[in-house]
Amino acid sequence: QQALDIEKGKGDPALVQKIGKAMMQTHDYEKAIQYYHDAMRRHPQQQELRQDLAKLYVRLQRWEDAIKGMEEALQEVRDESMKSTRYKVDTLVELAKVHREYADSRSSFTGASHGAVP
């Protein structure tokens with residue numbers, strides 16, 4: 001019954017998040033990405049889904065998708081509660097890390113290609 005409720009857009013948000021993480025662990029990344037997008041449409045208030053999707057994009061080194069997802073997550077926060085403020089700070093820290101990893105990957109790629117050409 002819970003699975004049916006989740007499909008209809010209801011159900012336990014923690015269970016929705018666990019299903020997404022399980023998909024990541026089985027390395028079915030494209031299916032996990034689609035699941036997260038569908039789940040975010042059904043549960044737009046559940047910010048943790050956006051964080052998990054961004055982490056999946058980082059794992060796949062899809063830097064621009066991760067950055068876009070984190071920036072959208074920050075824009076979705078509407079209130080100024082302590083929980084929301086903490087979420088924004090955590091997301092900004094993760095966003096900075098992603099930017100750094102993205103820059104490092106680009107510089108190592110261009111550095112390697114410069115070294116290959118005499």
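Two residues are in contact when heavy atoms of each lie within 4.5 Å. By this criterion, in the predicted model described here, leucine 53 is in contact with Ile33, Tyr36, His37 and Met40, leaving aside neighbours within four places in sequence.

Leu53 and Tyr36 are also among the residues with the most contacts inside the largest nonpolar core, together with Leu49, Leu56 and Val98. That core has 24 residues. Helices α2, α3, α4, α5 and α6 (82-116) each supply at least two residues of the core, and α3 gives the most, with 7 residues.

## Overall architecture

The secondary structure of the protein consists of 6 helices and 0 strands, and the pattern along the sequence is α-α-α-α-α-α. Of the 118 residues in the protein, 33% are buried.

Contacts between residues at least 6 apart in sequence were also examined by separation: 51% of them join residues at least 24 apart. The protein exposes about 7,900 Å², and carbon and sulfur atoms supply 54% of this area.

## Packing of α2 against α4

Two packed helices are described by the angle between their axes and the distance between the axes. For helix α2 (residues 13-25) and helix α4 (residues 47-59), the axes come within 10 Å and cross at roughly 10 degrees. Angles under 35 degrees count as roughly parallel, and α2 and α4 are therefore roughly parallel to each other.

On the α2 side, the contact is made by Val16, Gln17, Lys21 and Met24; on the α4 side, by Glu48, Leu49, Asp52, Leu56 and Arg59. By class, this contact of α2 with α4 has 4 nonpolar, 1 polar and 4 charged residues. Leu49 and Leu56, which take part in the contact from α4, are also among the residues with the most contacts inside the largest nonpolar core.

Glutamine 47 is found in helix α4. Its relative accessible area is 13%, and residues under 20% count as buried, so glutamine 47 is buried. Not counting residues up to four places away in sequence, glutamine 47 touches Ala73, Glu76 and Tyr87.

Alanine 73, in helix α5, is likewise buried, at 2% relative accessibility. With residues up to four places away in sequence not counted, alanine 73 touches Gln47, Arg50 and Tyr87. Alanine 73 and glutamine 51 are 22 residues apart in sequence, and their C-alpha atoms are 7.8 Å apart in space.

## Positive phi values in two loops

Most residues other than glycine have a negative phi. Histidine 27 has a positive phi of about 65 degrees although it is not a glycine. Histidine 27 is located in the loop between α2 and α3 (29-42). With 52% relative accessibility, histidine 27 counts as exposed, because the cut-off for exposure is over 50%.

Glutamine 61 also has a positive phi, near 60 degrees, and is a residue other than glycine. The position of glutamine 61 is in the loop between α4 and α5 (63-76). Glutamine 61 is exposed, with a relative accessible area of 54%.

Note on methods: Residues are numbered from 1 along each chain as its sequence is written. This is a predicted model: local features need pLDDT of at least 70, side-chain atom pairs count only at pLDDT 80 or more; totals for chains, interfaces and linings use all residues. Side-chain values use heavy atoms; hydrogens and water are left out. Axes are lines fitted to C-alpha atoms, for helices over the stretch in contact, and angles run from 0 to 180 degrees between N-to-C directions. Helices (H or I, at least four residues) and strands (E, at least two) are DSSP runs, numbered from the N terminus. Angles under 35 degrees count as roughly parallel, over 145 as roughly antiparallel, 65 to 115 as roughly perpendicular and the rest as oblique. Ala, Val, Leu, Ile, Met, Phe, Trp, Tyr, Cys and Pro count as nonpolar, Asp, Glu, Lys and Arg as charged, and the others, Gly among them, as polar. Buried means under 20% relative accessible area, exposed over 50%, partly exposed in between (1.4 Å probe, protein chains only). Accessible areas come from the Shrake-Rupley method with a 1.4 Å probe; for residues, only the protein chains shown count as cover. A nonpolar core is a set of buried Ala, Val, Leu, Ile, Met, Phe, Trp, Tyr and Cys residues joined through side-chain atoms within 4.5 Å.
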